[in-house]
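For each entry I write down what I looked up and what I found.

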Amino acid sequence: MHSVDTYIRVRYKETDRMGVVHHSNYYIYFEIGRTEFMRKMGLSYKEMEDMGYMMPVIETNCHYKSPVGHDDQIIVNTKMGRFKGARVTLEYEIRKKDDDTLVAYGSTIHAITDSNLKPVNIKKACPMIYEKFINCVS
C-alpha cells in the first residue's frame, strides 16, 4: 500500500468569513487522512495505543494552493514518506473531487513513543508494527 484516498465534504463550520476553509482545518483533514491510512495499513491508532505506543506530532507544514468552500468535496491522499526507527513522516495532498484542482499539500512528522512519551525504536520494541510501517514507505 503506497497511498490512501479519503473523501471529505467541507462543512459550513469549517469556513471563515471569506467563505473558504480556514487554514487551521487543513491539519484536521491531514489527521483524518492519517487515521484512515493507518486503518487501511492494518493497524488503527487505537490498536497501536492499546499496545502502548503513541505517535505525537513533532512537526507540521502545509502549503495552500487553491481555496475550497462549504459543501465542496475534497480528497485527502495520504502516504508514508519516510520511516526511520523512532520517526515517521506522512505526506498529504488535498484535491477538489470535481476537477482535481490541487488545494493544499503538506506533511506531518511523528515521533514513535511509549505511553510515557519516551521515544522507542519500534523495530526492536514491536517488529509487527515495524513491518507494517516499512511496507508502506513510498
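I looked up Asn77 and found that this residue stands opposite Glu93 in strand 5. I keep in mind that this is a predicted model, in which local features need pLDDT of at least 70 and side-chain atom pairs count only at pLDDT 80 or more, while totals for chains, interfaces and linings use all residues. Residues are numbered from 1 along each chain as its sequence is written, and side-chain values use heavy atoms, with hydrogens and water left out.

**Strands.** I noted that helices (H or I, at least four residues) and strands (E, at least two) are DSSP runs numbered from the N terminus, and that two strands pair if DSSP finds at least two bridges between them. Strand 4 and strand 5 (residues 87-96) run antiparallel and are joined by ten bridges. They form a hairpin with two residues between them, and Gly85 in the turn has a positive phi of about 55°. I then followed strand 4 (residues 73-84) to strand 1 (residues 4-9), with which it pairs in the antiparallel sense over six bridges; here Thr6 has Val76 as its bridge partner.

**Thr89.** Leaving aside neighbours within four places in sequence, its contacts (heavy atoms within 4.5 Å) include Lys79, Met80 and Ser107.

**Cysteines.** I searched the whole structure for disulfides, meaning pairs of cysteine sulfur atoms within 2.5 Å, and the search finds zero. The sulfur of Cys126 has its closest cysteine sulfur in Cys136, but because the distance is 14 Å, they are too far apart for a bond. Cys126 is buried at 10% relative accessible area, and Cys136 is buried at 4%.

**Aromatic rings.** Rings of Phe, Tyr and Trp (its six-membered ring) pair if their centres lie within 6.5 Å, and planes under 30 degrees apart count as stacked, over 60 as edge-to-face and the rest as tilted. I found six aromatic pairs in the structure. Among them, Tyr27 and Phe30 are edge-to-face, at 5.7 Å centre to centre with 85° between the planes. These two are three residues apart in helix 1 (residues 25-41), so about one helical turn separates them. Tyr27 is partly exposed at 30% relative accessibility, whereas Phe30 is buried at 0%. Phe83 and Phe133 also form an edge-to-face pair, at 5.4 Å and 85°, which links distant parts of the chain, 50 residues apart.

Terms used: Buried means under 20% relative accessible area, exposed over 50%, partly exposed in between (1.4 Å probe, protein chains only).
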